[in-house]
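Let's take a walk through a protein model together. Have a look at the picture first, and then we'll go through it piece by piece.

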Amino acid sequence: MSPIIKVENLTRIFDVSKPWLNRVIERQPRALLTAVSEVSFEVPENSVYALVGESGSGKSTIGKIIVGLEPPTQGMVEIEGVDLASETDAKKIDAVRADIQMIFQDPYASLNPRWRVRDIIAEPVAARGGKTDGLAERLLEQVGLSAQDANKYPHEFSGGQRQRICIARALSSEPRIIVCDEPTSALDVSVQSQVLNLMSDLREEFGLTYLFISHDLTVVHHMADVIGVLYLGRLVEEATRDALFSDPKHPYTRMLFDAAPRMDAYGREVDPPKGEIPDAINPPPGCAFHPRCPLAVERCRTERPEMRRIGDTRVACHMAE
Amino acid sequence: MTETRIETPAAPRPSRPRRVWESDFIWSFRHSPVAVVSFVVVLLMMLGALFAPLIAPHDPFNPATLNLMNGFTPPGEANQFTGEFFVLGTDDQGRDVFSTILFGMRISLFVGLSAVFLAMLIGVTVGLMAGYLGGWTETLIMRLADVQLTFPAILVAMLIFGIAKGITPPEHRDAMAIWVLILAIGLSDWVQFARVVRGATLVEKNKEYVQAARLIGRTPFSIMLRHILPNVLNPVLVIATISLALAIIAEATLSFLGVGAPPTKPSLGTLIRIGQEFMFSGEWWILFFPAATLLALALSINLLGDWLRDALNPRLR
Amino acid sequence: MINTPVLSVRDLVVEIPTRHGVLRPVDHVSYDIAAGEILGVVGESGAGKSMTGNAVIGLLDPPARITSGEVLLSGQPVHSLRGEALRRLRGKRMGMIFQDPLTSLNPLLTVGDQLAETIIEHLDVSQSEARRRAVAALDEVGIPAASQRMGSYPHEFSGGMRQRVVIALALCAEPDLVIADEPTTALDVSVQAQIIVLLKRLCRERGVAVMLVTHDMGVIAEAADRVAVMYAGRLAELGPVREVLGRARHPYTAGLMASTPLASQGRARLRQIPGAMPRLGNLPPGCAFSPRCDRAQAQCHEEPGPTLKRCDGRAACWFPLNTDATEEAEA
């Protein structure tokens with residue numbers, strides 16, 4: 001089966017330099033932040049691929065590049081076999097655009113406060129000149145709200161209900177792929193489970209493919225088929241859910257698992273991980289994780305580990321076995 | 001304190017007028033005596049200006065109805081020659097001060113409102129473009145704004161007025177004067193709008209609803225107009241109100257300096273200029289009443305603007 | 001308990017008058033925290049957990065105010081203190097750690113100056129002694145090369161290090177009580193683990209009472225000794241963490257636990273609590289949780305839930321789960 005999303009050697013560099021005059025006066029070089037560095041992965045149709053990582057891991061940037069909100073600096077993203085950056089056929093681009101939608105993290109900022117829910121939900125269709133009669137009402141019921149809600153404004157809803165509206169909007173253009181950027185991290189636990197269940201139901205009903213971006217391991221474990229772990233813009237490990245959670249290969253993945261608070265670990269005395277995430281503008285040479293890694297050897301300090309396959313797992317570590 | 005924010009209960013939705021009457025905005029208005037008084041004053045003055053031809057007891061601009069014998073009648077007294085009575089007295093040419101004020105307000109308010117509208121149109125447009133498009137568009141617009149801000153607005157207005165006067169043929173000058181005034185004040189006042197709109201746009205454009213619209217494939221023009229503009233209008237409304245007071249004062253200043261409304265079509269500023277000639281000869285009312293009207297008008301509008309700023313500020317709610 | 005608890009909250013009520021009526025973000029809440037104990041206060045947004053902490057430390061924003069109940073610090077009432085007396089007490093005997101470390105540090109002063117200033121204000125020591133203690137405080141919270149970092153400004157620290165500075169600042173005047181409001185929410189998982197370990201160690205070594213306000217059940221499970229679960233301004237359940245999380249008696253606590261995805265559960269459908277927490281201005285007539293509760297009976301819809309008093313029972317529920325009867329049957 002050919003992948004519905006194919007990401008190859010994706011790199012995104014942001015120029016975070018101070019203005020030119022300040023640089024000249026303070027004698028500082030240009031500051032370049034490598035948010036995403038040579039990331040490659042494939043997402044098969046009708047599956048859930050999760051990207052996990054802490055802040056600065058580049059997970060949100062990858063999501064934005066895939067939906068086309070950010071251009072890649074290098075590398076390529078193919079959706080349904082079309083590379084949006086190089087494709088010239090406007091019809092093809094438009095078709096792919098309609099097939100990929102996004103759900104954002106903050107349900108309070110992702111709905112225009114001045115628009116009625118009906119117009120918000122129908123916008124992806126209206127923007128393409130499609131028919132929108134009854135569309136919002138139908139979708140609202142599909143996501144567990146009532147058709148009458150179409151006349152209301154976003155401020156009349158709670159966080160969980162707003163996220164349902166966002167999901168309805170994402171569904172309105174009948175997409176095949178939805179990129180979910182931390183869709184539940186702004187929600188309370190009891191509401192989070194409602195939204196996660198809804199997303200699972202919709203996936204089955206419409207045969208959707210999710211690219212699920214999150215920092216929350218428990219949520220990722222619940223949703224994902226395949227998980228990619230990111231550290232400082234690099235993909236360090238990729239495995240199926242069961243393989244990753246039962247046998248993490250990369251020391252960073254192991255560290256994440258150990259550090260995550262667990263509800264069944266009352267008064268657990270953890271030996272907390274050492275150090276913090278390094279500055280992405282001047283990342284450590286070699287393997288970016290080596291300053292915090294318990295297994296690091298000389299080779300890790302100089303040579304960047306390539307992705308290699310161990311069983312079904314792909315891992316970027318010299319020491320993994 | 002999001003924890004304690006409450007909104008109208010979801011249960012039965014009250015009727016629309018009821019909802020408007022109960023809304024936070026109207027509630028805050030009803031409970032602010034200053035806002036209510038200012039609003040009534042401004043409303044009365046606007047109605048007075050609008051219906052001046054119907055209300056005014058005399059037509060001060062029809063020379064046929066003027067009687068020089070009525071000149072310098074003090075307020076509240078009958079004229080010693082003609083026995084005619086004028087509430088606020090008359091000026092040197094026997095024009096009824098009350099009527100001239102009504103007609104003067106008409107011109108002042110018309111110039112003020114038009115100038116603010118022009119400034120708003122320019123400021124909001126370029127502010128949105130600067131904030132949303134960024135890059136050299138932003139640099140160009142904002143540097144231009146910075147340069148303009150280094151000159152006092154009244155100087156800019158006088159400069160524009162002077163140029164415009166130079167290029168209009170003399171026979172049209174009086175007729176054009178009002179429009180030139182509007183152009184001069186409007187062009188000197190757009191910077192505030194541009195700055196505020198640009199700031200608000202920078203905040204809004206990073207919100208996720210704008211990203212969602214970009215994702216859908218909306219053009220930048222459509223995003224600015226349909227998504228960002230409605231969300232940056234609150235501060236624009238506040239600035240527009242306060243600018244209105246400033247514009248009316250600017251118009252009065254220009255007219256006072258003799259570069260504004262012509263004496264044949266006097267605004268409040270022109271009336272004050274005429275009046276100050278008689279201030280030291282005992283005919284105080286010719287100056288006092290137009291000046292007091294200008295003060296009351298500008299003050300009320302300003303107070304209304306202050307209240308509006310508080311009422312529209314979500315943090316103070 | 002024979003010893004007087006460090007913090008004792010009795011029937012605390014906080015009210016906010018609004019034009020739509022009086023809201024009660026904190027409604028008859030009672031709990032104690034002993035020296036060296038961490039009490040986790042957990043709840044969803046709007047449950048009143050932060051408001052409780054603010055009420056204890058005297059940081060309520062008007063028009064919110066305490067309308068009844070008591071806050072006792074080592075037996076002394078502090079809820080009625082105002083102005084200078086409150087300010088002195090706040091720094092000296094109560095410390096506060098906020099979610100965002102940037103807002104609780106002055107960006108224009110070096111961390112050394114901020115620490116020394118706080119120490120001098122609350123402990124009667126000389127300038128040089130204060131600086132010595134400041135270095136010791138930074139060292140204690142695990143800031144490497146503490147004496148060199150004294151001259152650094154807050155923005156020169158990373159997020160995790162900054163939160164350590166805030167903790168040092170909260171603890172430098174040797175308070176009896178520390179209120180930590182979502183201290184790890186803004187941090188990454190690996191740093192969060194470090195901060196939890198640090199808080200636990202300091203609490204144990206110094207015998208400080210800690211009130212840990214958070215929405216994260218995982219953090220509570222790892223850090224707290226006892227836990228108070230809040231719902232719509234009321235205490236739903238209060239007890240030892242193992243008991244409350246392991247054998248929840250209040251249906252809300254049980255629902256919260258069940259709706260959190262657990263690694264052991266796999267892909268099974270998550271249990272969900274229907275609906276959302278009611279807004280304070282729109283509470284149902286009976287128990288605030290009754291509209292969402294699958295065990296609710298007529299009594300629950302009519303009578304407000306029982307208030308949880310310190311001594312009687314653990315859960316504010318008419319029909320609690322896992323009661324003694326069921327426990328005995330299982331044993």
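A nonpolar core is a set of buried Ala, Val, Leu, Ile, Met, Phe, Trp, Tyr and Cys residues joined through C-beta atoms within 7 Å. "Buried" here means that 20 or more other C-beta atoms lie within 10 Å of a residue's own; with 12 or fewer it is exposed, in between it is partly exposed, and C-beta atoms are placed from the backbone. Keep in mind that this is a predicted model: local features need pLDDT of at least 70, side-chain atom pairs count only at pLDDT 80 or more, and totals for chains, interfaces and linings use all residues. Residues are numbered from 1 along each chain as its sequence is written, while chains are lettered from A and ligands numbered from 1 in the order in which they are written.

Start with the largest nonpolar core, which has 273 residues; A:Leu211 and A:Phe212 touch the most other members. Helix α5 (residues 97–133) of chain B gives the most to this core, with 19 residues. (Helices, H or I with at least four residues, and strands, E with at least two, are DSSP runs numbered from the N terminus.) If you skip the neighbours within four places in sequence, the contacts of A:Phe212 include A:Val48, A:Tyr49 and A:Met223; being in contact means that C-beta atoms, placed from the backbone, lie within 7 Å.

Now for the sheets. Strand β1 (residues 3–15) of chain A is joined to β2(A) by nine bridges, and A:Arg12 stands opposite A:Val36 in β2(A).

Chain A also has an open sheet of eight strands, in the order β6-β7-β8-β3-β9-β10-β12-β11, and its pairing is mixed. Here β6 (100–103) and β11 (308–310) of chain A are at the edges, each with a single partner strand, so one side of each is left without a neighbour. Three bridges join β11(A) to the antiparallel strand β12 (residues 313–315) of chain A.

Finally, where do chains meet? In chain A, 33 residues are in contact with 36 residues of chain C. α7(A) gives the most to chain A's side, with seven residues.

Methods:
Contact = placed C-beta atoms within 7 Å. Pairing = 2+ DSSP bridges.
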